[in-house]
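Please read it alongside the sequence and coordinates shown here.

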Amino acid sequence: MMKLREQRRNVRLDDPGGEDNPIRFELFSNERLAQHAVSLAKAQKARILPEGLKLMPRVRENSRVLFEAYKAIGKEAREHRAITPAAEWLLDNFHVIEEQINDINLYLPEKFYKQLPKLTDGFLAGYPRVYGIAWALVAHTDSRFSPEQLTLFMRAYQEVQPLTIGELWAIPITLRIVMIENLRRLALKIMRSQAGRRLADEFIDQPDQPDFPTRSPVLPAASLRQAFVVQFVQRLHEPHPGTAPTLDFLNPWLEEQGVTLDEIVHREHASQIAANLTVRNIITSMRAISAFDWPQFVEDVSLVDKCLRTHPTYSAMDFLTRDRYRHAIEDLAKRSPHSEVDIAYKVIDKIDRVGKESGADKKVLEPGYYLIGAGRGEFEKEVGFRPTFSQKLLRAYVANAAIAYLSSLAVCTLVLLALPLNAASEAGLGSLTIALIALVALFP
């Protein structure tokens, strides 16, 4: 716990490559992506940490930064200044981004988040394991959502480390969170690039000063310099009323960087192209994620579902019934020493053993009998299930339904009767009057 607290103070959602760098690494083929999923599953260690690091504060901060970027880009556009293609994508599709943020706030409740297994090491330690998976997938696909690649990745990962049903349902939300994080990083780069170009424009557009031809501008902060220099060079090709300003002030910086002016221009253009591609992928992926059939995906990659489908009647059931079975397995796994996959296999094994007995009733050869039916109690003992106090109380209530119902009715009646009788007593009414009030009140 001390280690986790230390991580909570120091960990930021920045990749090892540097603060606020885009989440974009080597683009993997399907084969390489599957290999990476296996290696990731072997490297990641996770366990339930109810007090793990929270994602929602970062989501809210990302939302604020993106809104500031949207306003800044809109201001540039209204002033008829040139904006990059990536900035245009963000400006034209900001409503899509807002929808994604609203979905994250809606579909990631605190109770559900606490139940997700958290990573215990690595630069994302304390955050959900499924978040680390989504991070890797986004990084090696350049934020391009592909159902085929997602399914491939999740199946390959689970060959080593099975995921819980809750984690599978959390994948669409965590993908959205990672893409919002990536978009925030790109938005910051866009705003810095805009600021650098604006500084260059402001210097070029002041030719009325006497020393303009020989005056050298002060280079801005490092994060703005590349855009500033490229815009400065491009503006020098425009006609000037007098002598164009000198480029000598760039020489010390170029020598320090060990590059030529042409290389700087090439870098800036390459950066804009890459940013445009990634922002376009993010916006397109956000739309695809919202339209994707996630319930079908969960069933396709769930190892629990794969096990239950070996039973002949399970596949013929409707989705809601199958989902009830899966939720029952989740509940059993949370309060027993077995994993969800183990519970699923034990159910099928139980049915196989009972089926070998002569004269077995058909109802005991169905998974629902042991998961949500009369055989649940017996099956709980076999898997070592430990019910909570509230579950014990509810079960005792249901087991003695008649007495419990009548007792509850009597208690509620007495409580309701006490209110008017107490008021009558405080008003100083006589015993006979209070008795009549009690009789009248008792009838309804």
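Does Ser-143 count as buried or exposed? In this predicted model, Ser-143 has a relative accessibility of 1%, under the 20% limit, and therefore counts as buried.

## A loop with positive phi values

Ser-143 belongs to the loop between helix 7 and helix 8. Its phi is near 65°, a positive value in a residue other than glycine. Asp-142 is found in the loop between helix 7 (129-139) and helix 8 (147-158) as well, and has a positive phi of about 55° although it is not a glycine. Most residues other than glycine have a negative phi.

Asp-142 has a relative accessibility of 11%; because this is under 20%, the residue counts as buried.

## Overall architecture

The protein chain contains 21 helices and two strands. Of its 444 residues, 44% count as buried. Among contacts between residues at least 6 apart in sequence, 75% join residues at least 24 apart.

The accessible surface of the protein chain comes to about 23,600 Å². Carbon and sulfur atoms account for 58% of that surface.

In soluble globular proteins, nonpolar side chains tend to be buried together. The largest nonpolar core here has 68 residues, of which Ile-97, Leu-150, Phe-153, Met-154, Ile-171 and Leu-175 touch the most other members. Helix 9 (residues 165-204) gives the most to this core, with 13 residues. A second, separate core of 25 residues includes Leu-308, Val-364, Tyr-370 and Phe-379.

Which residues are in contact with Leu-175, leaving aside its neighbours within four places in sequence? They are Ala-134, Leu-137, Val-138, Phe-145, Leu-150, Ile-289 and Trp-294.

## Helix 16 and its packing

Helix 16 (residues 340-355) comprises 16 residues. The distance from its first C-alpha to its last is 23 Å, close to the 22 Å expected at 1.5 Å a residue.

The buried residues of helix 16 are Glu-340, Val-341, Ile-343, Ala-344, Val-347, Ile-348, Lys-350, Ile-351 and Val-354. An α-helix has 3.6 residues a turn, so residues three or four places apart point the same way. The partners against which the buried residues of helix 16 pack are helix 9, helix 14 (303-308), helix 15 (319-334), helix 17 (367-371) and helix 18 (376-383).

## Salt bridges

How many salt bridges does the structure hold? There are 25. One of them joins Glu-378 to Lys-350, with the closest N and O atoms 2.7 Å apart. Glu-378 lies in helix 18 and Lys-350 in helix 16, so the pair ties together parts that are 28 residues apart in sequence. With a relative accessible area of 43%, Glu-378 is partly exposed, whereas Lys-350 counts as buried at 5% relative accessibility.

Arg-326 forms a salt bridge with Asp-305, in which the closest N and O atoms are 2.6 Å apart. Because Arg-326 lies in helix 15 and Asp-305 in helix 14, this pair ties together parts that are 21 residues apart in sequence. Both Arg-326 and Asp-305 are buried. Arg-309 forms a salt bridge with Glu-299, the closest N and O atoms being 3.2 Å apart. Arg-309 is in the loop between helix 14 and helix 15, and Glu-299 is in helix 13 (residues 294-301), ten residues apart. Arg-309 is partly exposed, with a relative accessible area of 32%, while Glu-299 counts as buried at 6% relative accessibility.

## An exposed nonpolar patch

Tyr-405, Leu-406 and Leu-409 make a nonpolar surface patch of about 340 Å². Leu-406 lies in helix 20 (residues 401-426). Its relative accessible area is 55%, which is over the 50% limit, and Leu-406 is therefore exposed.

Definitions and conventions
Residues are numbered from 1 along each chain as its sequence is written. This is a predicted model: local features need pLDDT of at least 70, side-chain atom pairs count only at pLDDT 80 or more; totals for chains, interfaces and linings use all residues. Side-chain values use heavy atoms; hydrogens and water are left out. Helices (H or I, at least four residues) and strands (E, at least two) are DSSP runs, numbered from the N terminus. Buried means under 20% relative accessible area, exposed over 50%, partly exposed in between (1.4 Å probe, protein chains only). A nonpolar core is a set of buried Ala, Val, Leu, Ile, Met, Phe, Trp, Tyr and Cys residues joined through side-chain atoms within 4.5 Å. Contact means heavy atoms within 4.5 Å. The expected span of a helix is 1.5 Å times one less than its number of residues. Patches are made of residues with over 30% relative accessible area and no salt bridge: like charges are joined within 9 Å, nonpolar side chains (Val, Leu, Ile, Met, Phe, Trp, Tyr) within 5 Å. Accessible areas come from the Shrake-Rupley method with a 1.4 Å probe; for residues, only the protein chains shown count as cover. A salt bridge is a side-chain nitrogen of Lys or Arg within 4 Å of a carboxyl oxygen of Asp or Glu.
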